[in-house]
Amino acid sequence: MYCNKLPEIPDDRKKIWEKVDNMARANSLWVTAFGTGCGAIELRPLHTSRFDMERFGIAMRPTPRQADVLIISGYLAVKTLKRVIRVYEQIQDPKYIIALGSCTMNGGMYYDSYNTLNILDRYIPVDVYVNGCMPRPEAIIDGFSLLMKKIKEGKAEGWKNYIENLEYYRENQKKVISNWDLPDYNW
Amino acid sequence: MNGSTDPLKTTPLFFGPQHPGVTGNMSVEMWFDGDEITRAITHVGYLHRGFEKLMERRLWIQNFPLVCRICVPESDINEECYALAVEKLDGIEVPERARWIRTLVLELARLGVNLMSFGGQAGTIGLGTGAMWGITFRDFVLDLFEELSGGRIYHVYVQPGGVRRDLPEGFKKSVLSVLDKIGERLPELDRLTLNNAVFKQRTVGVGIVKPEWIDEMGLVGPVARGSGSRRDVRKDAPYEAYGELDFEVVTEDGCDIYSRALVRRREIDLSMNLIRQILDLMPGGPIAVPLPNLTEWRIPPGEIYTRVESSRGEYGYYVVSDGSLRPRRIHVRGPSYVHAVTLLERMLVGANIADVSNIMVSLTTCPPEIERSR
Amino acid sequence: MEKQPQRIVSDSGFEIEVVRKDEGYFHVRVSRANVIELILSAKQRCGKNILQLISVVDRIEDDIFQLTWILEDTADSSVFIVSADYPRENCSVPTFGDIWPTAVIFERELHEMYGIEFPGNPRQYEDFLLEGWKELPPMRRDFDTLEYSIRTYGERRKRIHTDPRKFIAETTGEWDTPVPMKDEDR
C-alpha cells in the first residue's frame with residue numbers, strides 16, 4: 001500500500017541547476033485544495049476573479065500529487081493534523097508550507113483549547129507565516145511573494161529540514177496523536 | 001443508514017477532508033455498489049476547537065470575538081444570537097436605531113453567503129464561471145463590511161445593548177450602489193445557472209429531501225423551504241426589526257437541488273429588497289446603551305434559548321448564567337448539525353458518487369458549527 | 001387561549017417548576033422520573049414537535065448534570081423546554097433516538113463530551129469530534145483545558161517585548177527585518 005522508504009535529499013552536485021530550478025519553482029506554485037481551517041474562506045476570493053492569484057502563477061490543485069504548496073489555513077485540530085501529515089508527505093519534493101493566522105504561531109485565541117495545536121512548526125516545517133485573524137487576501141499574496149523570494153534565494157528548505165529531522169517531528173507528532181497508525185513515511 | 005457494507009459487493013471510499021468538492025473540512029465515508037452509494041457515514045471533528053469549553057473560561061464580553069468564529073461565512077449571526085441571549089438575561093433594552101442597524105448587518109451577511117452558495121452550486125457541477133461571479137459579488141458585500149466595521153470576515157460589530165459604531169458617512173449610498181451593481185449582473189448569473197441545460201439536468205430530481213423528513217429530523221432554512229415548508233424565524237418569531245418589515249417567506253416545493261438553489265436565488269432578491277426597506281426606514285437616535293464595567297460585569301442567574309434565522313436555517317443559543325463573571329454554559333445549535341449528519345447520511349443512500357458534492361453544497365453544510373464542541 | 005404545552009403541564013398532575021414563561025416560550029423543570037412522560041405527551045398531543053437540542057449543564061457544586069431538551073412546535077414556532085437533574089456519578093439518561101433520529105447524534109456527542117450513558121442509543125460509542133481521547137470527557141467542569149493544553153501542546157510563545165517592532169525583528173530573524181523608523185522620518 002505504502003512505500004516506506006524515506007525520500008532522499010538530492011545531493012549538492014547540481015548546485016547551479018538548483019538555482020535554475022528554483023527560479024522555475026518560484027513562478028509556478030500550485031496549492032493543494034485542503035481547507036484545514038477558517039482561513040480557507042479567504043482563499044476563495046484569492047483564486048477567483050477579484051484577487052486572481054493565477055497572475056502570479058499560483059493555482060489550486062485538487063490533489064497533493066500535483067501540488068507544491070500546502071496552506072495551513074488557521075488553527076489545526078489534532079484530528080486534522082493526522083490528515084495534514086499524510087497530505088504533506090504525499091506532496092512531491094520540493095514542497096512548501098504557508099501557515100495563515102495567529103493561531104498557527106502561538107495558539108492565538110485558542111491557546112487554552114484542548115484540541116488545537118499551539119505551535120505549528122514543531123509538527124511540520126513551516127516556510128512562511130502570514131499573521132492576522134484572518135489574513136486578508138492581500139496579506140496572503142504578500143506571504144506568497146515572500147515565499148517566492150525565499151525559494152529564489154534557496155532558503156525555503158523546510159522539506160529538507162523535515163527529512164533530516166524526521167525523528168524530531170515524528171516524536172512531537174506521536175505525542176499529540178494518541179492513536180498513531182501512520183506508516184514511517186507515506187508517499 | 002442500514003445499507004450494505006459487504007466487502008464482496010461494495011467498495012469503501014473516503015470523500016474528504018482533502019477534496020476540492022467537500023464543503024469545508026469534513027469527510028464522508030461511503031460504500032458504493034457500482035456507481036450507487038449503499039451507505040454513508042459523516043465524520044466531523046476536523047475543526048473542533050472546544051469553543052463551548054473556552055467560552056466558559058472567558059468573560060461575557062470576551063466571548064464576542066469567539067462566537068463570531070463559529071460560523072466563518074456568516075459571522076454576524078452568532079454575535080446577534082449571543083447578544084440577544086445576554087440582553088434577555090440582563091434585561092438590557094436595545095435602542096431603536098441599533099435594532100435597525102443590526103437587521104441591516106444581518107441581511108447584508110445573508111446576501112453575501114447566499115451569493116457565494118448559489119454560485120458555488122454552479123461550481124460543483126463544473127460551471128466555474130458561476131462560482132467566480134458568485135464569490136466576486138460577495139466580495140462587494142465584504143467591502144461594505146470593511147467600510148462599516150473594519151473587518152472583511154469577522155466583524156465583532158454587534159455588542160450587547162447595541163452596535164459598536166454608527167454607520168459611516170455615505171454608507172447608504174455605497175450600499176445602494178453595491179446593490180445596483182449586483183442586481184444588474186444577476187440576470188446573467190441566472191442565465192448561466194438556473195436557465196442552463198447542464199445545470200438543470202444535474203439538479204432537477206436529484207438530492208430529494210422528502211417533505212415528511214422536515215418534521216421528523218427538524219430540518220430548517222432553505223433545505224426545508226425547498227421542500228414546501230414555510231418555516232422562517234424572521235417571520236414566525238420576529239427578532240430585531242423584522243416584525244416591521246414587509247416580506248414574504250420564500251418557498252418552493254420541488255424538494256430537489258434545483259428548488260433549493262431557486263430558494264437561495266430568491267432569497268438574494270429578498271435580502272436586496274429588505275436592505276432597501278431598512279435603509280429607507282432607518283430611524284435616528286443613539287446606537288448603544290452604556291454598559292457597566294465590563295471586567296466586573298455579572299449577569300443575573302438564568303437560562304435562555306434564543307433563535308435567529310441564518311442563511312442555512314435556524315440558529316439557536318442556549319445560554320446559562322450562574323451569576324458569576326463568566327457564563328456557565330453556552331450551547332450552540334447550528335442548522336448544519338442536522339443537515340450534515342442525519343440528513344446527509346440518509347440522502348446519500350442511492351445517490352451517485354458524482355452527485356455527492358452537489359448534494360453537500362445544496363445543503364450548505366458548514367462544519368465549524370457542527371463541531372464547536374458541546 | 002392556553003397554549004398546548006401549558007395545557008399538557010396543567011393536565012399532567014406531577015410537580016412542575018416553571019423556569020421562564022414568555023410569548024411562545026415555555027421552560028419547565030421536572031423530576032427525572034417524569035421526563036419521558038412529559039416529552040412523549042408533548043410529542044403526541046402537540047403534533048408537530050421537533051427536537052432542536054439536548055444540552056447538559058454540569059453543576060459540579062451540586063454534583064448533578066442538568067439535562068435540557070428543547071422542543072419546537074413547527075406549526076406556531078413556539079419553544080417548549082424541559083429540564084431535569086441527573087446524578088453526576090454513572091449518569092444514565094433515557095434515549096429519544098427512536099422518536100427523533102437527530103437525538104442519536106446529540107446523545108452521541110454528549111456521551112463523548114460528558115461521559116453520559118444513553119442506554120439504547122446504537123451509535124453512542126462511536127467517536128464523534130475527538131479521536132482516541134483518553135482523558136476525562138473534556139466538557140466536564142473538573143477537566144482543566146489550559147493545563148491539558150500546556151501539558152500536551154507546550155506553552156505558547158509569549159511576547160517578550162511590548163514594542164512590536166522589536167518583537168518582529170526578533171522572531172523573523174534575518175528575514176525581512178523591518179528597519180525601525182528614525183525619529184526624523186516620522
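Student: What percentage of the residues in chain C is buried?
Tutor: This is a predicted model, where local features need pLDDT of at least 70, side-chain atom pairs count only at pLDDT 80 or more, and totals for chains, interfaces and linings use all residues. Residues are numbered from 1 along each chain as its sequence is written, while chains are lettered from A and ligands numbered from 1 in the order in which they are written. A residue is buried if 20 or more other C-beta atoms, placed from the backbone, lie within 10 Å of its own. Of the 186 residues in chain C, the buried share is 35%.

Student: In which order do the elements of chain C run?
Tutor: Helices (H or I, at least four residues) and strands (E, at least two) are DSSP runs, numbered from the N terminus. Chain C has 5 helices and 5 strands. From the N terminus on, they run α-β-β-α-β-β-β-α-α-α.

Student: How many residues of chain C are in contact with chain B?
Tutor: Contact requires C-beta atoms, placed from the backbone, within 7 Å. Chain B brings 28 residues, and chain C brings 30.

Student: Which strands stand at the edges of the open sheet in chain B?
Tutor: The antiparallel sheet has the order β6-β7-β8 (chain B). Strands pair if DSSP finds at least two bridges between them; β7(B) and β8(B) have 5. One side of each edge strand lacks a neighbour in the sheet, because each has a single partner strand: these are β6 and β8 of chain B.

How values were computed
Contact = placed C-beta atoms within 7 Å. Buried ≥ 20, exposed ≤ 12 C-beta atoms within 10 Å, placed from the backbone.
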